[in-house]
Amino acid sequence: MRIAVLDDYQGIAETVDWSAISRPVELLALREHITPGDALVARLADREVVVAMRERTPIDADLLGRLPSLKLLVTTGPFNAAIDTAAAHRLGITVCGTGGIITPTVELTWALIHALQRHLIVEDAALRAGRWQQTVGADLAGATLGLLGVGRIGRRVAAVGHAFGMRVTAWSPNLTAERAAEAQAELLDRRRLFETADVVSIHLVLSETTRGIVGRDELAAMKPSAILINTSRGGLIDETALIEALRTNRIRGAGLDVYGQEPLPVGHPLTALPNTVLTPHLGYVTEKCMDRFYRDIVDDIAGYCAGTPRRILDV
């Protein structure tokens with residue numbers, strides 16, 4: 001069985017035990033990102049199974065139609081907005097998902113907040129260069145945490161905010177006061193949330209209605225001392241407006257794990273800004289989460305071989 005694993009940046013696939021699969025496995029683990037097109041088609045042309053690592057590679061109808069050997073597409077996580085599942089079904093390709101863990105994203109959210117509030121990147125570089133105490137940090141206790149979205153991840157972020165003694169406010173397109181209260185957050189209208197928050201953290205699902213939901217007006221409403229955190233999806237922010245706000249110090253800083261284009265191109269304007277902390281979409285990349293992903297990947301493929309595919313994703 002010819003299996004390809006896309007975007008295996010850390011080289012994990014080669015360390016996985018594939019022996020539960022009843023057929024001999026010929027593994028192709030692609031450690032470098034290949035943009036969809038002729039080069040990717042050439043690498044995947046003879047693969048019966050393709051494993052997509054979250055949404056790192058968009059898999060649309062055109063790409064699927066150029067892979068006649070593909071019979072099983074497995075994505076990590078229980079859904080993947082970058083896969084045209086309907087097209088896969090039309091082409092007779094089974095699409096399966098895996099379980100996942102949300103706590104790593106919560107933890108990274110707070111890592112980005114701390115890095116900005118206490119100038120950890122600047123101070124680390126200064127110390128290595130022989131300089132001592134360059135900055136004054138910002139407090140979390142008594143500050144306001146504004147959450148865009150209080151779903152599974154947002155609620156956990158809110159709980160940590162309370163542990164630090166923060167006021168927690170929230171807004172999302174369909175959020176009610178009752179649901180906000182369940183997350184121990186105060187429901188505000190969108191503009192008021194941006195005006196009053198010291199830390200704005202985004203935890204929304206990207207859709208046509210939420211794309212660019214943090215734009216020029218929202219950034220202009222923020223305090224100059226406030227920071228913006230995004231560990232959800234890059235498309236939720238108007239990136240051009242954010243770069244302008246950071247360049248002009250309209251806001252104090254941004255901590256980003258996700259971007260409009262991934263991998264982030266070399267020389268991207270965000271990488272030249274001193275008031276950013278940038279990570280390469282590491283929210284879910286922890287030992288426990290990757291273990292869960294690969295355990296279910298192997299199980300999905302074993303089920304497919306047995307004629308009983310598991311965790312099938314609906315259109």
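Trainee: What should I know before I start?

Mentor: The model is predicted: local features need pLDDT of at least 70, side-chain atom pairs count only at pLDDT 80 or more, and totals for chains, interfaces and linings use all residues. Residues are numbered from 1 along each chain as its sequence is written, and side-chain values use heavy atoms, without hydrogens and water.

Trainee: How many helices and strands does the protein chain have?

Mentor: Both are DSSP runs: H or I over at least four residues for helices, E over at least two for strands. The protein chain has eleven helices and twelve strands.

Trainee: What radius of gyration does the protein chain have?

Mentor: That radius is taken over C-alpha atoms, and the globule rule is 2.2 Å times the number of residues to the power 0.38. For 315 residues, a compact globule would have a value near 20 Å; the protein chain has 21 Å, which agrees. Its C-alpha trace spans about 60 × 50 × 30 Å along the principal axes.

Trainee: What share of the residues counts as buried?

Mentor: Buried means under 20% relative accessible area, with a 1.4 Å probe and protein chains only. Of the 315 residues, 50% count as buried.

Trainee: Which share of contacts joins residues at least 24 apart?

Mentor: A contact means heavy atoms within 4.5 Å. Among contacts between residues at least 6 apart in sequence, that share is 62%.

Trainee: Where does UniProt place the NAD-binding domain?

Mentor: UniProt positions use the numbering here, feature names are shortened, and annotations may be inferred rather than shown by experiment. The unreviewed UniProt entry lists "D-isomer specific 2-hydroxyacid dehydrogenase NAD-binding" at residues 111–283. That stretch is 32% helix and 16% strand, with its end C-alpha atoms 10 Å apart.
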